Amino acid sequence: MPRTVLTPQSDDFPRWYQDVVAKAELADNGPVRGTMVIRPYGYAIWERMQADMDRRIKEAGARNAYFPLFIPESYLTREAEHVEGFSPELAVVTHAGGKQLEEPVVVRPTSETVIGEYLAKWTQSYRDLPLLLNQWANVVRWELRPRIFLRTSEFLWQEGHTAHATEGDARAYAARIQEDVYAAFMREMLALPVVLGRKTARERFAGATNTLALEGMMRDGKALQMGTSHELGQNFAKAFDITYLSEQGRQELCWTTSWGTSTRMLGGLIMGHGDDHGLRLPPRLAPVQALVMVVKEGEGVTEAAHRLVADLLARGVRAELDARVDTAFGRRAVDAELKGIPVRVEVGPRDLAEGSVTVARRIAGGKESVPLGGVVDVVVAALEEDHDTLYANALAHREASTVAVTSVGEAAEAARTGWATIPWAALGPEGEEELARSAVTVRCLTMPDGSVPASEDADGVLAVVARAY
């Protein structure tokens, strides 16, 4: 059979993406337009993302809670800018239990409003601050042009919400989430380099005073927003009366933040690393790091394969056995490539008779014959090396596909195939609006050294300009 069953990226990148989602058994379209069914293999990847992200969030001091799916419509109207920003995306329930509701309820698009109500209830004194909360949940934003993982009407995510005594403390915490939680996770687990910056006023989260973003470049040169962390100032504190009694005995308004990442990261993982043969999963994230495959039964092959799986598991490698000899070996190898399994260990009678097996690597490519006694060491070394290789490849692609420009016209032209950086002072809101007419956006504002500017007016600020998902 042919080595790959996917549309080549160079022919039709969106079709390639849909092919990978379907044929790697990641997800299916749900019965309601814009919804998705995440299949077990896709969910296993999400579970590993979720577990590692959850650990990092807790290390940053936040604790998990859960808030209702349904939010009274009146809650959203209390923060006018917020409801205006979400109004086209809202799903509203007007009837339940066989009758019309006295007040419509909104299916949560995000939880600032309902959590704001309880932050006000739980915050009495400066001793209660900072109050650091996170929830893992589903949210609904009615999408006109859905695409699995990237934009669906319902998706899974985590959303953090915090209240602080001072603006400085809130600002520092939002920045900590951006760098120490999100950026570190994306580098260390997803093997994806991201640009850290702040959003322009045009792109800022509805109701926020500042939005910190992380932008990744996909294999087709487009940008994907991988996560955001928002300073909300005192906007929601005023709307929901989130106050505390200070050490000096005065009632003060809190300063709040919110931040989130979602199953969109799965889309970024696919498009940031995938090739014409399917997924390429970072070994630290892969549900199966090494697949031990029985090429053909007989002469102790299956027994040897079982021992190899046990030896790999004993070394901490997530290994599985594929002994489905009733399915053609070539088909099984193609499936393993589609699913991005980092290492395959192929055990056949001929190699085994010589005391060796074949090790195939998905990320570095190629195959080698390895003596049985050295297989585990070779696999462990390959898994560590392949994470660094993926990251380096993605970074090299971003650098090669990013150009520095000085005019709006040059920025628009560069965004046809990749990213552009342009001095924000030369672009400004007027140039940003002009680019938007060509579906090109300022993804974030950053400094030449990669740091996040303190404000958009800081000297030397660069705008990262691209087409985006």
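The answer below begins with the loop residue, goes on to the ring pairs and ends with the pockets.

A: The model is a predicted one, in which local features need pLDDT of at least 70 and side-chain atom pairs count only at pLDDT 80 or more, whereas totals for chains, interfaces and linings use all residues. Residues are numbered from 1 along each chain as its sequence is written, and side-chain values use heavy atoms, with hydrogens and water left out.

Ala206 lies in the loop between strand S9 (195-198) and strand S10 (210-217); strands (E, at least two residues) and helices (H or I, at least four) are DSSP runs, numbered from the N terminus. With a relative accessible area of 15%, Ala206 is buried, a term that means under 20%, with over 50% called exposed and values in between partly exposed (1.4 Å probe, protein chains only). Leaving aside residues up to four places away in sequence, Ala206 touches Glu81, His82, Gly85 and Phe236, where contact means heavy atoms within 4.5 Å. From Ala206 to Phe86 the C-alpha distance is 7.6 Å, although 120 residues separate them in sequence.

Rings of Phe, Tyr and Trp (its six-membered ring) pair if their centres lie within 6.5 Å, and planes under 30 degrees apart count as stacked, over 60 as edge-to-face and the rest as tilted. By this rule there are nine aromatic pairs. In one of them, Phe86 and Phe205 have ring centres 5.8 Å apart and planes at 70°, so the pair is edge-to-face. This pair links distant parts of the chain, since Phe86 belongs to helix H4 (residues 80-86) and Phe205 to the loop between S9 and S10, 119 residues away. Phe86 and Phe205 are both buried.

A pocket is an open set of points on a 1 Å grid over the protein atoms alone, where a 1.4 Å probe fits, with protein on both sides within 12 Å along at least five of seven lines, and lining residues have an atom within 4 Å of a point; a volume is the space filled by probe spheres set on the points, which are joined across faces, edges and corners. The largest pocket is lined by 50 residues, and the closest to its centre are Glu89, Glu143, Arg151, Gln225 and Arg264. H4 is among the elements that each supply at least two residues of this lining.
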